[in-house]
Amino acid sequence: MPFWNWFKARMRFDRVSGAPASPISHALPDFEALVRAHGDWLAFLATILQREGIVSNDELARALSEFASLTVIDRPEEGRILAFWAAYLQDTSVALRDIPSVH
């Protein structure tokens with residue numbers, strides 16, 4: 001996870017110091033937007049996996065929720081992100097439950 005550590009350090013540096021943004025930092029998305037984008041991607045992938053009969057969105061959301069509850073013990077920030085994604089998947093599952101598949 002060297003990139004992740006660099007990313008967090010870079011975001012913290014620019015916000016705390018008030019220094020002009022480095023040439024690369026303007027291309028980096030806001031942390032919250034990054035987490036939401038990954039959640040959207042995960043929901044998209046979960047929908048495809050459900051459509052193909054590999055795993056249901058509900059089952060994947062439950063598994064991710066359990067994983068988040070274990071992760072939060074050692075790595076609280078990561079656990080909270082995983083819990084957010086699990087809740088997002090559950091919401092997606094409920095929203096898509098009654099929509100017919102075109103596949």
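These legends accompany several close-up views of one predicted model.

Figure 1. Welcome to the overview. The protein chain contains 4 helices and 0 strands, and along the sequence the elements follow the pattern α-α-α-α. Of its 103 residues, 25% count as buried. If you look at contacts between residues at least 6 apart in sequence, 48% of them join residues at least 24 apart.

**Figure 2. Helix α2 and its buried residues.** Here we zoom in on α2, which covers residues 31–51. This helix has 21 residues and spans 30 Å from its first C-alpha to its last, close to the 30 Å expected at 1.5 Å a residue. Which residues of α2 are buried? They are Leu34, Val35, Gly39, Leu42, Ala43 and Ala46. After α2 comes glycine 53, where phi is positive, near 75 degrees.

**Figure 3. Where α2 packs against α3.** The axes of these two helices lie 9 Å apart, and the packing angle is about 130 degrees. That angle makes α2 oblique to α3. On the α2 side, the contact is made by Leu42, Ala46, Thr47 and Gln50, while α3 contributes Asn57, Leu60 and Leu64. By class, the residues of this contact divide into 4 nonpolar, 3 polar and no charged.

**Figure 4. The pairing of α3 with α4.** Helix α3 covers residues 57–74 and helix α4 covers residues 76–96. How do their axes meet, and at what angle do they cross? The axes come within 7 Å and cross at roughly 165 degrees. An angle over 145 degrees counts as roughly antiparallel, so α3 and α4 are roughly antiparallel to each other. Their crossing is left-handed.

**Figure 5. The residues between α3 and α4, close up.** From α3, the residues that meet α4 are Asn57, Asp58, Leu60, Ala61, Leu64, Ser65, Phe67, Ala68, Thr71, Val72 and Asp74. Their partners in α4 are Pro76, Glu78, Gly79, Arg80, Leu82, Ala83, Trp85, Ala86, Leu89, Gln90, Ser93 and Leu96. Sorted by class, this contact has 13 nonpolar, 6 polar and 4 charged residues.

Conventions
Residues numbered from 1 in each chain as written. Predicted model: local features only at pLDDT ≥ 70, side-chain atom pairs only at ≥ 80, totals over all residues. Heavy atoms only, no water. Axes fitted to C-alpha atoms, helices over the stretch in contact; angles between N-to-C directions. Parallel < 35°, antiparallel > 145°, perpendicular 65-115°, else oblique. Left-handed = near helix turned anticlockwise from the far one by under 90°. Contact = heavy atoms within 4.5 Å. Nonpolar A, V, L, I, M, F, W, Y, C, P; charged D, E, K, R; others polar. Expected span 1.5 Å × (residues − 1). Buried < 20%, exposed > 50% of the residue type's maximum accessible area, 1.4 Å probe, protein only.
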